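Have a look at the structure first, then read on.

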Amino acid sequence: MPAARDPSLDLRRRLRDARRSVNAGDRLAAADAVARGLLALPFAPTQGYVAGYWAVDGEVPLHAWQLRLPPQCVYCLPVLDEGDNTLRFAPFRAGDETRPNRFGIPEPVLEPSSLLRVTDMALIVLPLTGFDANGHRLGMGGGWYDRTLRDHRAAPPHLVGVGFDRQRVEALQPRDWDVPCDAIVTESTTYLREKP
């Protein structure tokens, strides 16, 4: 008997197609609106390390947010730690040297000993494939963020998912290892998760 097909694969494919279908002008407008939403969060940091991501596959770009961060905030990008399959973080400014990781996503070139850990971050902005209004996020399926964040659910950093309105679904069924976001920001709405 063949193994049951994972229904999240079809959902991911549909939501990725929806994300990719956003035209360039709307994508740039969304980046601007999302930057305003991120800066208006009640827990938006005024100093410290904040992590974003390098937008690929139609994700909302974060350049507008990066450029508007308070001067005491240091923007970082994730770097794959192949040793334990988690993420570390590297400070990044436009023009810094990068090289593609095994998924083809650019990462800052920095000595491993200089990379930052989750506990160094004040805020992490996560890309997503889909989300619901309760702060549940559907990623790409690799589990990198969930593995990285699993031991840090009750303390900073704050976690914020970023996507387009068209990536919202009515409800996601989180698994035990899924780490919820404190907020989801889209081009039109900010969804703050109610803490239990």
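Let's start with Met-121, which sits in strand β6 (residues 121–127). Helices (H or I, at least four residues) and strands (E, at least two) are DSSP runs, numbered from the N terminus. Keep in mind that this is a predicted model: local features need pLDDT of at least 70, side-chain atom pairs count only at pLDDT 80 or more, and totals for chains, interfaces and linings use all residues. Residues are numbered from 1 along each chain as its sequence is written, and side-chain values use heavy atoms, with hydrogens and water left out.

Is Met-121 buried or exposed? With a relative accessibility of 4%, Met-121 is buried (under 20% relative accessible area; exposed is over 50%, partly exposed in between, with a 1.4 Å probe and protein chains only). Setting aside neighbours within four places in sequence, Met-121 is in contact (heavy atoms within 4.5 Å) with Tyr-49, Val-50, Ala-51, Cys-76, Phe-89, Leu-116 and Pro-157. Take Cys-76: 45 residues separate Met-121 from Cys-76 in sequence, while their C-alpha atoms are 9.0 Å apart.

## The cysteines

How many disulfides turn up in the whole structure? The search finds zero, a disulfide being a pair of cysteine sulfur atoms within 2.5 Å. For Cys-73, the closest cysteine sulfur is that of Cys-76, and at 10.0 Å this is too far for a bond.

Both are tucked away from the surface probe: Cys-73 is buried at 10% relative accessible area, and Cys-76 is buried at 0%.

## The sheet

Seven strands make up an open sheet with mixed pairing, in the order β3-β2-β1-β6-β9-β10-β11. Two strands pair if DSSP finds at least two bridges between them. At the edges stand β3 (86–91) and β11 (190–192); each has a single partner strand, so one side of each has no neighbour in the sheet.

Look at β2 (residues 72–81) next: β2 pairs with β3 in the antiparallel sense over six bridges. Leu-77 stands opposite Ala-90 in β3.

## How confident is the model?

The protein has an average pLDDT of 91, and 93% of the residues score at least 70; pLDDT is the predictor's confidence in each residue, from 0 to 100. Confidence is lowest in helix α1 (residues 7–20), with a mean of 87, and highest in strand β1 (residues 47–51), at 98.
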